[in-house]
Amino acid sequence: MNLSRRNTLKALSAGALASGLSGFTLPFASAQSAPSDYKALVCIFLFGGNDGNNMIIPADAAGYAAYNAVRGPDSNINIAQADLLTFKPGNSSSTYGFHPAMSAVHPLFDQGKLAIIANAGPLLAPTTKAQYLAGLNVPYQLFSHSDQQAQWQSTISNQPARSGWGGRLADSVASMNGSNPFPVLTSIAGSTLYTTGNSQSPLSLPSSGGSFTLSGLTGTDAISKARAAALNALLLQGKDHLLVKAAAEQTEQAIALSAKVNPIITSTTSSVTNLFTTTGNSLAAQLLQVAKLIEARATIGLSRQIFFVSLGGFDTHNNQINTQQTLLGNVSSAMKSFYDATAALGVANNVTTFTLSDFGRTFKPSAGGGSDHAWGNHHMVMGGAVKGGAMYGTFPVQQLNGVDDVTGEGRWVPSVSVDQYAATLATWFGVPASGLAAVAPNIGAFANKNLGFV
Amino acid sequence: MRVNSALVASMVATTVTILGGATAQAAEPAATIVEFFNAPANKYFITSNPADWALLDQYASIGWKRTGVTFSAYSQGQDASALPVYRFYAPSVGSHFFTVSATERDQLALIPGFVAEGIAWYAMPPSSGSCAAGTVGLYRTFNNGAAAGNGPANHRYFEDYSFYQSYAAKGYALEGLSMCLPQSTAEKRLDVTRLLKQASFGPSPAEIDRVTTLGTTAWLTEQFAATASQYTPRDYWPNTRPDSCINDTTLPVTPTSYCARDNYSMFPTQLEFYKQAITGNDQLRQRVAWALSQFFVISSTDVPLSYGMGDYQQMLRDNAFGNFRTLMEKVTLHPAMGRFLDMANNRKATTTGISPNENYAREILQLFTNGVNLLNDDGSEKQGPDGKPIEAYTQDEIKGFAKVFTGWTYPTRAGVAPSAGFNGQNLAGTMEPREIYHDTTAKDLLGSTIGPANGTAYADLTVALDNAFSYANVPPFFSRFMIQKLVTGNPSPGYVQRVATVFKNNGSGIRGDLKAVITAILTDIEARGAAKFEPTYGHMNEPALLVTGLARALSAKTDGYYFYNSSNGLGQTVFSAPTVFNYYSPDYVVPSVNVNSPEFGIFNSTTALSRVNFANSAVYGTINISTALYGATGTQFDWTPFSSVAADSNALLDRVNEVMFAGKLSAATRAAMKTAIDTVPVSDTTGRARAALYLAVAAPEAQILR
C-alpha cells in the first residue's frame, strides 16, 4: 500500500472532500510549490503491435522502390505509392507518406503539431546489428507481445518490471499537485503496467457513455440508510488478508472519488462532445472522456495529469490491409478530434499525446496477408508544444538482411530507445535532468537524453 | 470407533489422496478445546476438560474469561491414528504446555519444574511439518516470559495461521506446528463449501448438504463420471454475413428472429455457458473447461461465429479429463483456433518472398505449453550463469514450428467437394492436410530438429507436438496455471512441484493425465489444509464466478441472459478475451500489496463499483424476461434457504457466512451486516435475506475465494 493512496483514502473516507482538506497534509506536500501551469500527457497504446512499416512509407523513388521490392503487389500487404499521404519532414531530404487511412492527422504534420519518431524500440544501450548478433545488449524476450508491451510501458528491458514509466513519472510530479487526493494517473483502458507507479496508482474510468457511481444507495428510509452504512463499514474490515485489503481499498477509492468524477463524465453539456465521432471508434470514445476531464481541470484541480487510452487489434498476422485500414483510420480520426478539442479548450500547448505499441512488424510479409512480430517501430507525438513537421530518430534501411535487419525478415534494430522517448516527454512535463533516472532508470546508457521533439 | 479405519483405507486405495470430507464417516470429534485468557496475569490456557471450564468460569473475578476460540479434538479411543496429547504444568511460572510427541514428553519428564498432568486429549502428529488433509494445524507461540518483558512465560495456540503470525509483532516466538486436530462436522461443511468454490461454479445450500453427506472423494468420483453438458451444435454460416441474416425485432420473437446475433457473435454459446454453469450437474468438468478456455484461448472478438466457437468450447469440455497431449492436438487442429492464430491455410515459403506465418508457432510455445523462460519443477525460473532467466526457445525454433504448422486447411464441409488446394472457411470439425502447401525443409524444434525428410504435414505435426509436450517446462507451467484458476493465485513452490510430479507421471507411467492433475490440485494439503489462513492465500472471484456464485447460492433457474449481461459489465465477457493473452496475465502482481493474483488484472476502480452495482441489481432489481430471446424463461431465485431462517438475524448470518464467505466472515463485518439486517422488520424475511446477500456480494471479504 502506498503512502499517498493511504492518505488519500484516509482523507476521503473521513469526508474530507465535503468538509475541505484543512488539517490534512501529505508528508511531501510542501516540498515543492505547485506550478501555475497545467500539463497533461496522453498515452495511446496500440495493442498487438502496429505495423509501422505500412504507417510511414518512403515516398520518393528510391525509398518506395526498396519498399516495393519486399512488399510489392504480390505480397498482399502492399500500399500503392499513389495512395500515400505524402509529407516532407523539415529536418530530412526525403519524402514519406502516411498510410492512406490517416487523412485526418496528415495536415497536423505540416502544421507543425505532429512529429514522427522513426524506428524506436526497447534497448539496453545504443545497439548495432553486429552487437545484437553477438548477443550483446539484447532486451529480454524480443518479439513476445506481453514482454514487449511491458518494456514499452516500463522502459525497463533487462528484466521484468513492477512499475511503468507513466507511474514513475506520476510519482515524480505528484508533489506539483499539492495535497489534492485526485490521482495523477487516469486510465480509460483498465489496469496497465504503464500507469503503475511505486507510490501512485491510477483512477480507472469507463469510456464515454459509462457512469462511475454506486447505484441503489440513495434511499433516505432507515433500511436503505442502514444498508449504506453497513456497506461503508464492511469496506474497512478483513484487511489482515492482503487481497481483501487490496479489493477493499480499490473500492473505497472508487467510491470516494465518484462524487467528483461522475458529474464530469456524465455531463451532457460538455463543449467537446460534438468534436468526436465515437460510433465504431472506441479510441475516440476514450479520448472524448479524457477531453471531458481536461475540460473540468479547474474542478479537478490538478497541475499535472497523465492519461492512458488504448486500441487493440493491431496484431495483423493476416488480412492486414483491411484491418489496418480500419484501425489507423480510427486512430487518425480520434487523434485529430482530440487535438481539436484541446485547441477549443485553449490547452493545445499544454497537452501532449503520443503513441506506444508492442513492437513493429516484420517487413517481410507472412502467409495470410500479414506480418509477424518484430522490434523497432514508428510512433507519433501530437500537440501544440510538439516540434512537429519533423522526423526524429533514424528511418531504417528497408532491406532484408540489411544493416538494420537482425533476423532476415526485416526486424529493425531500433535507432532510438524507449528510455529516450520517455525522458524527452518527462522533461517537457517538468522533470529536471537529475530526476530522469527515476522515470527511465536506464537513461544513463544513452548520451542523448532529449530527442528534441517537444 | 475404530471401525472407520478399514473404510478409510479402502478409500485411500481407490483414490489418489484422502480429502477432508473423505473422512466424513469418521468419528465426530468428541472433545472441544476451549481457550481462556487471564488479562491481569497475561496468560492463555486451553483445556478440553469440562471440569476445568466450570472451575475457570467461576474465577472470572480474578480475570479468567473465555476468549471464544475453540478447537476440535478426539477423546480416547475415537480414532486409531490419533495420539495422546500430554499436558505439563510449570508451577514456577504458572503455565501449561502441551505436546503430542512421546519423545518430548519423555524429555520434559526429566526436567525439574515440569509436572506431568496426564493426557489432555488426542490429536495427530504433524508429518514433515505439515498436517494431513482433513486435519487442521494447531500452531504454538511462546511469549518468551520475563526475558522479553512479557511477564510470566506462556504459550498461545492458534488454528488461524495469519493470526498466529501476527503474534511475532507482539514479541512472541513462533514455534511452529504443534499438532494436528480433527475436523468437526461444522468444519467439514466449511471444507465442502471451499471445495465447491474451487471446483464448481459456487455452492448452493442444498449442494453443501449433499456433498457433506456424500463425502468429497465420492463427489469427485461422481463429477469425473458425470455426462458433459452440451453446447447446442449450430449450422455453418459463411464468414461474411448474408444480407438476409439480420436482427428482426418484430414481436413475438421466433427462433430465427435474431439471425445476425445468434450466428455472428457467440451469444447463444455464452448464454448456454451461464445456464449450464448455474444449473448443470457436471460442475467440475465445466469449471475445468472454463479454466482451459483461459489457457487455450480463442476469442470471439476475432472470430465471431458461434457455430465454430461453440464447437471449440465443447471440445475443451469433452477433453477436460483426458490427456494433455490429446488436448494439444485437438486444439491445434481445431479450425476455430486455425482461424484465430492463422494456422489454417498457412503455407510454405513462396517464391515471391512470403514466409510461413509464425503466429500459432509462437503462441503454442509461449502460452499453450511452455512459457517464455525455463522453469524448475516447482514453477520457479531457472537462472543462467549471469543470474538471469533462460529463454525457453529461440527465434529459429519459432521459425521451425512455423514451418511445421503449414499445409493445413479448413475441414471439408458436408456436401461440398474438397478443394485440392485450400478449402474455404469452415470453423467446426478438424483441419485437413494439404501436402502441396506443407514445408518439407529442415526445421528447428526445441533442442531438436526435423530433417528435410519430406515428412507429411501430420507426421511433422506429431513430431513437433511430442517435442513441445515432452519439454520439461510443461508440467510446472500448466500445473501452476490450473492451481491459480482453481485454488490460489500464488501457490507455494512445493504445491506446484507436487502437482507437476503427477503431471509427469500419474502413478501408472502416463504423462499429462488431466484427471490425475485435477485430483492432485484439489486434494493437496495446500488446497485443503491450514494454508487457507495465510494472508495471501486464494484468488479473486473473477466476474463469471462472481455472478454464478450468487446465482447458485440462490439456486437460480435461468436462461442465462441476465448473467451474461451482468458479467459483461464487470469486465469479462466469456470466450471474448481481448487477445490470446486472456483477460489477465497469470503473473499479474497487485501493486498495492505485492501479491501475485491474476484476476486483479481486471479489477480497477470502474469494475470495483460495477461489482457492488451487480449486487444491487441482482438482489434488489427486477429481472425481466427478455423479449429478444426465443424460448426465454428469465431468471428466478429461491430465497427460501435464507428467508426461512431470516427472522433470527444470527441464524441468517450463519448461513450467509457458510455459503458466501466459506466461514471467513469477520466479527466486525458480521456486526455491520447484523445492524443492517435488524433494521428490516422481522416479518419481511425475504427483505432481510436480500439485505444480507447484497452486503455479502459487495463485501471485500467475500471477493477472495480461499
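How many residues does the contact take from chain A and from chain B? Select both sides: 65 residues come from chain A and 63 residues from chain B, where two residues are in contact if their C-beta atoms, placed from the backbone, lie within 7 Å. Before you go on, note that this is a predicted model, in which local features need pLDDT of at least 70, side-chain atom pairs count only at pLDDT 80 or more, and totals for chains, interfaces and linings use all residues. Residues are numbered from 1 along each chain as its sequence is written, while chains are lettered from A and ligands numbered from 1 in the order in which they are written.

Stay on the chain A side. The elements giving two or more residues to it are helix 6 (145-154), strand 7 (203-204), helix 8 (222-234) and helix 9 (242-265) of chain A; helices (H or I, at least four residues) and strands (E, at least two) are DSSP runs numbered from the N terminus. Colour helix 9 of chain A: its 13 residues are the largest share of that side.

Buried residues (20 or more other C-beta atoms within 10 Å of their own, with C-beta atoms placed from the backbone; exposed means 12 or fewer, partly exposed in between) make up 58% of the 454 residues.

Next, two backbone stops in chain A. A:Phe143 has a positive phi of about 75° without being a glycine; look for it in the loop between helix 5 (129-133) and helix 6. A:Phe143 is buried, with 21 other C-beta atoms within 10 Å. Then jump to A:Asn319, also not a glycine, with a positive phi of about 50°, in the loop between strand 8 (304-311) and helix 12 (320-344). A:Asn319 is partly exposed.

Last stop: a cis peptide bond joins B:Leu251 and B:Pro252, with omega about -5°.
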